[in-house]
Amino acid sequence: MRILALTFVALIAALHLYIAYFEIFAWEETGPGVFATFPPELFGQTTAIAANQGIYNAFLAAGLIWALIIGDRAWQRNIATCFLLFVIAAGLMGAATVSTRILFVQSVPALIALALLWASFRKTETA
């Protein structure tokens with residue numbers, strides 16, 4: 001179960017690296033495909049805003065990657081929990097303000113990872 005939980009954490013980190021990449025470097029090319037309901041002329045005007053937002057997604061990915069390389073299991077759980085909660089919050093905000101799809105792309109997988117993470121640690125603590 002622990003390996004599954006950490007795999008989910010790694011996948012969420014990879015997702016946020018991808019989001020950071022397209023927001024920072026490929027907003028005008030990739031953005032219209034991801035946010036199809038936005039007017040196409042919007043993307044050129046919001047490149048700097050998207051890049052700034054991309055940095056935040058890079059920080060989320062960095063925190064999750066940091067959690068994966070921590071040797072102490074309790075600290076690994078604590079750091080992963082912190083950054084997964086940040087991802088869940090970002091997904092909830094995105095769902096409320098941009099598209100409900102963001103809830104299912106960001107928040108739900110992070111919530112699953114969080115549940116798996118805590119279930120795996122409870123199992124090892126009682127064993």
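Predicted model: local features only at pLDDT ≥ 70, side-chain atom pairs only at ≥ 80, totals over all residues.
Helix 4, spanning residues 47–69, packs against helix 5, spanning residues 73–97, at an angle of about 160°. The axes of helix 4 and helix 5 lie 8 Å apart. Because angles over 145 degrees count as roughly antiparallel, helix 4 and helix 5 are described as roughly antiparallel to each other. The crossing of helix 4 past helix 5 is left-handed. On the side of helix 4, the contact is formed by Phe-59, Leu-60, Gly-63, Leu-64, Trp-66, Ala-67 and Leu-68. Helix 5 contributes Gln-76, Ile-79, Ala-80, Phe-83, Leu-84, Phe-86 and Val-87. Twelve of the residues in this contact are nonpolar and two are polar, with no charged residues.

The largest nonpolar core holds 21 residues. Within this core, the residues that touch the most other members are Ile-12, Leu-64, Leu-84, Val-87, Ala-110 and Leu-117. Helix 1, helix 4, helix 5 and helix 6 (101–126) each give two or more residues to the core. With residues up to four places away in sequence left out, Ile-12 touches Leu-64, Leu-84, Val-87, Pro-109, Ala-110 and Ala-113.

Helix 1 covers residues 2–24 and includes Ile-3. The relative accessibility of Ile-3 is 70%, so Ile-3 counts as exposed, the cut-off for exposed being over 50%. Between Ile-3 and Arg-122 the separation is 119 residues in sequence, and the C-alpha to C-alpha distance is 14 Å.

Note on methods:
Residues numbered from 1 in each chain as written. Heavy atoms only, no water. Axes fitted to C-alpha atoms, helices over the stretch in contact; angles between N-to-C directions. Helix = DSSP H or I, 4+ residues; strand = E, 2+ residues; numbered from the N terminus. Parallel < 35°, antiparallel > 145°, perpendicular 65-115°, else oblique. Left-handed = near helix turned anticlockwise from the far one by under 90°. Contact = heavy atoms within 4.5 Å. Nonpolar A, V, L, I, M, F, W, Y, C, P; charged D, E, K, R; others polar. Buried < 20%, exposed > 50% of the residue type's maximum accessible area, 1.4 Å probe, protein only. Core = buried A, V, L, I, M, F, W, Y, C linked by side-chain atoms within 4.5 Å.
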